[in-house]
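Subject: Structure for your review

Dear colleague,

Please find below the structure that I was asked to pass on to you. My notes on what was found in it follow directly after.

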Amino acid sequence: MDIHYTEEVSNALKENRAVVALESTIITHGMPYPDNLEMARSVEAIIRDNGAVPATIAVIEGKLHVGLNDDQAEWLAQQKGTMKLSRADLAFAMVRGATGGTTVAATMMAAQAAGIAVFATGGIGGVHRGAEESFDISADLDELGRTPVTVVSAGAKAILDIPKTMEALETRGVPVIAYGQDALPAFWSRDSGFAAPLRLDTASQIAEFMQMRTQQEIFGHGGILITNPVPESSEIPYSEMATIITVAQNEADQKNVSGKAVTPWLLSRIVEISGGKSLETNIALVKNNADLAAKIAVAFSALN
């Protein structure tokens, strides 16, 4: 695969220094300009402050970029009508010379190809509510089952069917680890009401677990999902979010919103219903995940 690296990312990979992959849908589909650019730069700054190198991944005019320079990030942040790229359409965008932001699945693919072991995101996709009829299941789950990248998230997005998402991850053999607590977080909320299958309390412990899976051939398959609870000062309790999500989901059903449009539509509507509070929490959890991901990447780099 022809990958275009920034000098900073290229040098870090050659020198076996810590690198953290970042998706670009937060730029292309997450917020309007210039908020999207400011958010991306603040997340990259957090990673650098922790001693790692950020590598924001995107497709720009058909070229896969691992790391964006200031001009590229500025340009991407202002584009309209960009594609939202997952495994199914990453190659399509490249061959057609299109521009798009990478989702969790596409970012994991590119990170693996580039030799990046750790990826920070907000929350993963999963099994949508009503999937037993709609079959709406995110490609993120299969990607976690096949691609050996450690994904640091705040858990599955709370708009999903969390028990079914956890069952799907278990079926795919994906270790789901709660960071520093026994409860499974749910994006905006620290406690989803479900217990996490596994728990680790430090970045070093996570790095050692990654190392074990990397070194021992018997374990060498698929990714690891780290669920990092949003800081207490920024969380919205799950009971409060459940009511908001139900209202938004009912509206989406009435409007026949489906496919890739479901998640962005729901997240946007939830921002409106919550009076902007969910967006503030979303920003806080993304930054919190970047902080932990950088610490994990630094610890993992020290083991190799």
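E61 is found in the loop between β3 (53–60) and β4 (63–66). The model is a predicted one, and in it E61 has a positive phi of about 50 degrees although this residue is not a glycine. With a relative accessible area of 52%, E61 is exposed.

F187 also calls for a remark on its backbone: phi is near 65 degrees, a positive value in a residue other than glycine. F187 sits in the loop between β9 and β10. Is F187 buried or exposed? Its relative accessibility is 2%, and F187 therefore counts as buried, the limit being under 20%.

Two further points concern the backbone. Y33 and P34 are joined by a cis peptide bond, with omega at about 5 degrees; P34 belongs to the loop between α2 (25–30) and α3. Just after α6, G115 takes a positive phi of about 85 degrees.

Helix α6 itself (residues 104–114) deserves attention. Of its 11 residues, 9 are buried, so this helix is largely enclosed by the rest of the structure. The buried residues are V104, A105, A106, T107, M108, M109, A110, A111 and A114. Two of these names, M108 and M109, return in the surroundings of T147. T147 is placed in the loop between α8 and β8 (150–153) and, at 1% relative accessibility, counts as buried. If neighbours within four places in sequence are left aside, T147 is in contact with R87, M108, M109, Q112, G222 and G223.

Next come the helix pairs.

How do α3 and α13 lie relative to each other, and at what angle do their axes cross? The axes of α3 (residues 35–49) and α13 (residues 277–303) come within 8 Å and cross at roughly 30 degrees. Angles under 35 degrees count as roughly parallel, and α3 and α13 are therefore roughly parallel to each other. Their crossing is right-handed. On the α3 side the contact is made by M39, S42, V43, I46 and I47, and on the α13 side by I283, V286, K287, A290, D291 and A294. Sorted by class, this contact has 8 nonpolar, 1 polar and 2 charged residues.

Helix α13 also packs with α10 (residues 203–215), at an angle of about 50 degrees and with the axes 8 Å apart. This pair is therefore oblique. The crossing of α10 with α13 is right-handed. From α10, the residues A203, S204, I206, A207, E208, M210, Q211 and T214 meet L292, K295, I296, A299, F300 and L303 of α13. By class, the contact holds 9 nonpolar, 3 polar and 2 charged residues.

The last topic is charge. Side chains of opposite charge can pair when their charged atoms come close. How many salt bridges does a search of the whole structure find? The search gives 13. Some of them are described here:

- R17 and E15 form a salt bridge in which the closest N and O atoms are 2.7 Å apart. R17 is partly exposed, with a relative accessible area of 38%.
- R146 and E143 form another, with 3.3 Å between the closest N and O atoms. The two residues are 3 apart in helix α8 (residues 139–146), which means that about one helical turn separates them. R146 is partly exposed, at a relative accessible area of 44%, whereas E143 counts as buried, at 0% relative accessibility.
- D182 and R199 meet through their side chains in a salt bridge (3.1 Å, N to O). D182 lies in the loop between β9 (176–179) and β10 (198–200), while R199 is in strand β10, so the pair ties together parts that are 17 residues apart in sequence. D182 is exposed, with a relative accessible area of 52%, and R199 is partly exposed, with 38%.
- E8, E44 and R48 are linked in a network of salt bridges.

Yours sincerely,
A colleague

Note on methods:
Residues are numbered from 1 along each chain as its sequence is written. This is a predicted model: local features need pLDDT of at least 70, side-chain atom pairs count only at pLDDT 80 or more; totals for chains, interfaces and linings use all residues. Side-chain values use heavy atoms; hydrogens and water are left out. Axes are lines fitted to C-alpha atoms, for helices over the stretch in contact, and angles run from 0 to 180 degrees between N-to-C directions. Helices (H or I, at least four residues) and strands (E, at least two) are DSSP runs, numbered from the N terminus. Angles under 35 degrees count as roughly parallel, over 145 as roughly antiparallel, 65 to 115 as roughly perpendicular and the rest as oblique. A crossing is left-handed if the near helix is turned anticlockwise from the far one by less than a right angle, and right-handed if clockwise. Contact means heavy atoms within 4.5 Å. Ala, Val, Leu, Ile, Met, Phe, Trp, Tyr, Cys and Pro count as nonpolar, Asp, Glu, Lys and Arg as charged, and the others, Gly among them, as polar. A salt bridge is a side-chain nitrogen of Lys or Arg within 4 Å of a carboxyl oxygen of Asp or Glu. Buried means under 20% relative accessible area, exposed over 50%, partly exposed in between (1.4 Å probe, protein chains only).
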